[in-house]
Amino acid sequence: MIFTGQAEATIDAKSRLAIPAKFRSRWDPEKDGSTWFCVPWVKTNSLRLYPERVYEELFRAGRRDPSLTPDQDQADLELILHSATEQVDVDANNRIRLVSWQVEALGLPGEVMVLGAGDRLEVRSRGAWQAEFKDKLGAMASLADRLGGRARP
């Protein structure tokens, strides 16, 4: 499953977000798990939504030294990450109820964009995303070069 593209959506008064159809069609509850993990990402004021199986796989892969006695940095990161992450269910209308404190902490408005980000979805303010999207497109080549470890001639 790979999530691509973007869709406009709304967070209603009960903090519910309907998963756009274009993304629902890529998600298989039988294979990917029936719930999502919602991770607030303060650097981009977004919520990262991971299907259950993806989140579990990433958690296992990210554990450098699984231990009851991790070093302090690892223990601190795990505490912050997992205490801020919430598992959310999908209702019969294909909506997830976002956790109010996460929405409020990030200042997400009712009008949002749901963005495909490969193995996850990201929920961002529609206005903020529209304001920065063109710049992000313009920076894509240099970002790819930096990540690829090669300089552009």
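How many bridges join β3 to β5, and do they run parallel or antiparallel? I found four bridges, with the two strands antiparallel. One pair I noted is Cys-38, which stands opposite Glu-86 in β5.

**Ground rules.** I am working with a predicted model, where local features need pLDDT of at least 70, side-chain atom pairs count only at pLDDT 80 or more, and totals for chains, interfaces and linings use all residues. Residues are numbered from 1 along each chain as its sequence is written, and side-chain values use heavy atoms, with hydrogens and water left out. My helices (H or I, at least four residues) and strands (E, at least two) are DSSP runs, numbered from the N terminus. I call two strands paired if DSSP finds at least two bridges between them.

**The sheet.** I traced six strands in an open sheet, in the order β1-β7-β8-β4-β3-β5, with antiparallel pairing. β1 (6–10) and β5 (86–89) each have a single partner strand, so one side of each has no neighbour in the sheet.

**Strand β3 and its other partner.** I looked at residues 35–41 next: six of the seven residues of β3 are buried (under 20% relative accessible area; exposed is over 50%, partly exposed in between; 1.4 Å probe, protein chains only). The strand is therefore largely enclosed by the rest of the structure. β3 also pairs with β4, antiparallel, over six bridges, and there Trp-41 has Ser-46 as its bridge partner. Four residues lie between the strands of this hairpin, and I noted a positive phi near 50° at Asn-45.

**Strand β8.** How many of the residues of β8 are buried? Five of its five are, so to speak, under cover. On one flank I counted three bridges to β4 (residues 46–51), antiparallel, with Arg-48 opposite Glu-122. Five bridges join β8 (residues 121–125) to β7 (residues 111–116), again antiparallel. In this pairing Val-112 is partnered with Ser-125, and Val-114 stands opposite Val-123. β7 and β8 form a hairpin with four residues between them, and Gly-118 in the turn has a positive phi of about 80°.

**Helix on the sheet.** I then checked α6 (residues 126–148), which packs on the sheet and touches β1, β7 and β8 (contact means heavy atoms within 4.5 Å). The direction of α6 makes about 110° with that of β8.

I flagged Ser-15, with phi near 65°, in the loop between β1 and β2 (16–18). At 9% relative accessibility, Ser-15 counts as buried. I also flagged Asn-94, with a positive phi of about 60°, in the loop between β5 and β6 (95–97). Asn-94 is partly exposed, at 27% relative accessible area.

How values were computed: Axes are lines fitted to C-alpha atoms, for helices over the stretch in contact, and angles run from 0 to 180 degrees between N-to-C directions.
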